[in-house]
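Please read the numbered points beside the sequence and the coordinates.

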Amino acid sequence: MSGNIELLNTTLAATRAADRAALIAYLPAGFPTVDGGIEAVKAVIAGGADIVEIGLPHSDPVLDGPVIQTADDIALRGGVRIADVMRTVREAREATGVPILVMTYWNPIDRYGVERFTAELAEAGGAGCILPDLPVQESALWREHADKHGLATVFVVAPSSQDARLATITAAGSGFVYAASLMGVTGTRASVGAQAQDLVGRTRATTDLPVCVGLGVSNATQAAEVAGFADGVIVGSAFVKAMLDAPDEAAGLAAVRSLAGELAEGVRKR
């Protein structure tokens, strides 16, 4: 079965045609439980998210800050497995019809098997993967299998990336480019910063792929600011924090749906 890279491409083309940025939400699988995580994905989509990234919980993250690390720890202690990630993708995709990607570090895929992982993700209806720690020069095997199964390969660029490096990364990627707004780990911040706009401009000079900005966006005002220069606004820690701060799961679901609604309104005020 082929994956859903085309759904991702058409979704981003549609938001661009509507003269707005896409809202991309991140939530880890298995948090607070596998079933609860699936319901959380449905809630952010109901609130207005256009695309969702499902995090594969990992014990040794390099990009995730303390909020997402806390959620990952809860998921791992709950026994989440890659099969649960695939189930989350499948059920969220079937229930909502929006593109669902997996965001994961490379080690779990390497241990699981690239062919097995890509085949299962495609079968689940996934649109692709975001791979923050896979070097482009070591990505040929992944890209071969991702292409075979109709999956996007989304690489991360950072403000420290030189122009020549940006060109190498964007030439190898598909779906969209994930532009990290600053040097550091995920987390909500008071401002996104001018580095992000500069990075988007430099990245666009190397590719026609949409450029979506993550790290730091937590409210509608910031979403509107980023939507003014990016093709997509990626929000993760704010959603996870809303779930962590809620007194119970029902309240958490209501909180993430409400936050998604505010952010969706923000990206339309670019």
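1. Two cavities of 30 Å³ or more are present in the structure. A cavity here is a set of points, on a 1 Å grid over the protein atoms alone, where a 1.4 Å probe fits but cannot get out. The second largest cavity holds about 60 Å³ of space, a volume being the space filled by probe spheres set on the points, which are joined across faces, edges and corners.

2. The model is predicted: local features need pLDDT of at least 70, side-chain atom pairs count only at pLDDT 80 or more, and totals for chains, interfaces and linings use all residues. Residues are numbered from 1 along each chain as its sequence is written, and side-chain values use heavy atoms, with hydrogens and water left out.

3. Which residues line the second largest cavity? The lining is formed by Tyr-26, Gly-55, Leu-56, Asp-64, Asp-72, Met-103, Thr-104, Tyr-105 and Pro-132, where a lining residue has an atom within 4 Å of a point. By class, five of these residues are nonpolar, two are polar and two are charged. In this scheme Ala, Val, Leu, Ile, Met, Phe, Trp, Tyr, Cys and Pro count as nonpolar, Asp, Glu, Lys and Arg as charged, and the others, Gly among them, as polar.

4. Nine strands make up an open sheet with parallel pairing, in the order 5-4-3-2-1-9-8-7-6. Strands (E, at least two residues) and helices (H or I, at least four) are DSSP runs numbered from the N terminus, and two strands pair if DSSP finds at least two bridges between them. Strand 5 (152-154) and strand 6 (156-157) stand at the edges with a single partner strand each, so one side of each has no neighbour in the sheet. Strand 1 (residues 22-28) pairs with strand 9 (residues 232-235) in the parallel sense over four bridges. Within strand 9, Ile-234 stands opposite Ile-24.

5. The structure contains 14 salt bridges, each defined as a side-chain nitrogen of Lys or Arg within 4 Å of a carboxyl oxygen of Asp or Glu. One of them joins the side chains of Asp-35 and Arg-87, at 2.4 Å from N to O. Asp-35 belongs to helix 2 (residues 34-47) and Arg-87 to helix 4 (residues 82-96), so this pair ties together parts that are 52 residues apart in sequence. Asp-35 is partly exposed at 46% relative accessibility, and Arg-87 is partly exposed at 28%. Buried means under 20% relative accessible area and exposed over 50%, with partly exposed in between (1.4 Å probe, protein chains only).

6. Where does the salt bridge partner of Arg-90 lie? Arg-90 is paired with Glu-123, their closest N and O atoms being 2.3 Å apart. Arg-90 lies in helix 4 and Glu-123 in helix 6 (residues 114-123), so the pair ties together parts that are 33 residues apart in sequence. Arg-90 is partly exposed, with a relative accessible area of 25%, as is Glu-123 at 40%.

7. Arg-116 is partly exposed at 44%, and Glu-120 is partly exposed at 28%. Separately, salt bridges with shared partners join Arg-16, Arg-204 and Asp-231 into one network.

8. Thr-118 also lies in helix 6. Is this residue buried or exposed? Thr-118 is buried, with a relative accessible area of 0%. A polar atom of its side chain lies 2.8 Å from the backbone oxygen of Val-114.

9. The loop between helix 1 (5-17) and strand 1 includes Arg-20, which is buried at 13% relative accessible area. The Arg-20 side chain makes a polar contact with the side chain of Asp-50 at 2.9 Å. A polar contact is a pair of N or O atoms within 3.5 Å; within protein, one must be able to donate a hydrogen and the other to accept it, and residues adjacent in sequence count only if both atoms are side-chain atoms.

10. Two backbone features may be checked in the model. Asp-19, in the loop between helix 1 and strand 1, has a phi near 60 degrees, a positive value in a residue other than glycine. Asp-19 is exposed, at 58% relative accessibility.

Notes:
1 Å grid on protein atoms, 1.4 Å probe; cavity = no way out; pocket = protein on both sides within 12 Å on 5 of 7 lines; lining within 4 Å.
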